[in-house]
Amino acid sequence: MKPSDRVVRQVLSRLSRADRRPGLFERIEYLAVARQAARWRGAEDAALREGLTTAAQWLLRHGVQGPPLWRAAAIVREMTRRKLGLWLHPVQITAGLALLRGRIVEMATGEGKTVTVLVPAVIAASMRFPVHIVTVNDYLSARDHKILRPVLDAFGLTSAAITEDVAPHLRAGAHDTDVVFTTNTSLTFDYLRDRVAHGADRSALAELAQARLGGKFGRAPRNLGRGLGFAVLDEVDSVLIDEAQTPLIITAERQDGETRGRAERLMLHFAASLQADLHFRLHGRTRRVELLPAVDPLIAGWQTTEPALASETARRDMLGHALSALHFYHRDDQYILTPDGIEIIDEYTGRVMPDRQWQQGLHQMIEAKEEVARSADRETLAQITYQAFFNRFLWFAGMTGTAREIAPELRTSYGRAVLRLPTHRRMRLRFRSIRLYRTSAARWRAVAREAGRIAGQGRPVLIGTRSVAASEYLSDLLKAEGLAHVVLNARQDAQEAEIVAQAGTAGQITVATNMAGRGTDIPVSPAVEARGGLHVILTEFHTSARIDRQLIGRTARQGQRGSAAAFVSLEDPLFVDMAPRLTALLRGAVPFGTRLPGKCADLLRNVAQSRAERQGQRQRRATTRQAERLRKSYGFRHDRI
């Protein structure tokens, strides 16, 4: 057995351990690292590099364990102190070693996940494994690379950040570095492009994973030249859970757009004339349209000369897209209009997803509805799910502030147990009871009043909204109240870093979509912290409690003071779609304009979110089953998965 194989087998053998909190082993291990770090305090940088190389060679031969592992972690800690001025605290050391062993680590927001990744990345790269640090957006990839590069350079490790702005011909060289910072989307699409360019047999798991081990390039793909070795996924729940319901697809353009464009416009007019619950039924939970028997004679008897509508089957398929475009996909909620046309908004991050399209003609139908230039139809060349892709690494690990809710799914679907770490300092968050209003308008008025009251105390306020439309509606209310504020949504994503940096200023009001919910640090001054710190207002619950916790986690970081509140209404889509009967019961039980008791809000939230999360699990399992069926139908060497 090769040394590299021994390392991987040892790592993978640890992944089935039960989810748990740190125990005696982790405490002893940290103390061992701390003692080792003290011995390296006066060593030269060259001695640190030599010590890490020696330890890495031992680990590659004997496995990730024992005093050489602690020595390597101690050396990384000491170099981090010298180059970044940061002393890795016990939670970060414990998390870093757990990541190297392939665990999912839950660290509270503000605990320093960015710097924590240095421990597994430096050690794995020194063992000559290709390392990918995977973040959820380009901003974080570029930021993390800029922050951590001095330490990587000090150890003689090459590194690169790959964002959407990196030209295709430069990606090969970037992927050939020791440590690559990139997003889950960019990395996966680079993999798919290699498959299309070189054929499925050139991108098989064995070749990708073993391409560079032992210093041999072999027949490596064009972009992922060093292969799929070790990956650390930041915000791992977002990548493996939230974004796992839809496969990533490489497509090619088809040239029949003009005739289909006319057919789509005709179908939209036809769909707009139909009656809900007579001709069709909408299933809001799954965004599915059910055609009812009353529409059958209308479809069969429709006279048209459009080739795209020649068959009854084609008419039914296009009608389903037209009804979905009209009733489920709305401007400034699921997408925005730009000079280039329609751009999809990621509902989990609030960011625009450039060059992404909805499948099977739905995207073009929405373009027809909005009367913008029609993009070309596309046919699928290659596709893969995140489940399939990340399981093709030799091993991977992940970090997030919100893993406990999905620990069973991570263990079942990915074989990864969760290690839940305590905070380095005591949490000082004050969360007020949920305020549930009968109408949405009453909720927004209350939010505006609350923001003005808190800002008047000299404290910053961050207001989280679920959509661009909601953020801009609230902005208009704040303007009417004479309250100065800034808005951060998909239209201002280029100014994200600047807006976030100012969001902790005394008296500042920031209205933001989920863009401010992950990976962003909002610093506050000691004076602001003394007044109570940042106040976060959540204006609508998400389908997962994890995403709510991410937004609330912007405040009370690293032992600072902070507060949060939730203002929701019975008209919110989560309640209407996921708990319609309970919502209707509560609406009928109270007078118009009344605020409901907090216990009612807790009950409604628990019911709606539990149902939404179960539905999400079913959809992810269905995606996995469909991907497996497609893989088997094409065969392993020529599959599209």
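Predicted model: local features only at pLDDT ≥ 70, side-chain atom pairs only at ≥ 80, totals over all residues.
Mentor: Helices are DSSP runs of H or I with at least four residues, and strands are E runs of at least two, numbered from the N terminus. Local features need pLDDT of at least 70, side-chain atom pairs count only at pLDDT 80 or more, and totals for chains, interfaces and linings use all residues. Residues are numbered from 1 along each chain as its sequence is written, and side-chain values use heavy atoms, leaving out hydrogens and water.

Trainee: Which residues of H2 and H5 meet?

Mentor: Glu26, Glu29, Tyr30 and Val33 of H2 meet Pro90, Ile93, Thr94 and Leu97 of H5, where contact means heavy atoms within 4.5 Å.

Trainee: What makes S3 and S14 the edge strands?

Mentor: The open sheet has seven strands in the order S3-S4-S2-S5-S13-S1-S14, with parallel pairing. Strands pair if DSSP finds at least two bridges between them; strand S3 (159-162) and strand S14 (418-420) each pair on one side only.

Trainee: How do you know that S1 and S13 pair?

Mentor: Strand S1 (residues 104-106) and strand S13 (residues 395-400) pair in the parallel sense over three bridges. Ile104 has Gly398 in S13 as its bridge partner.
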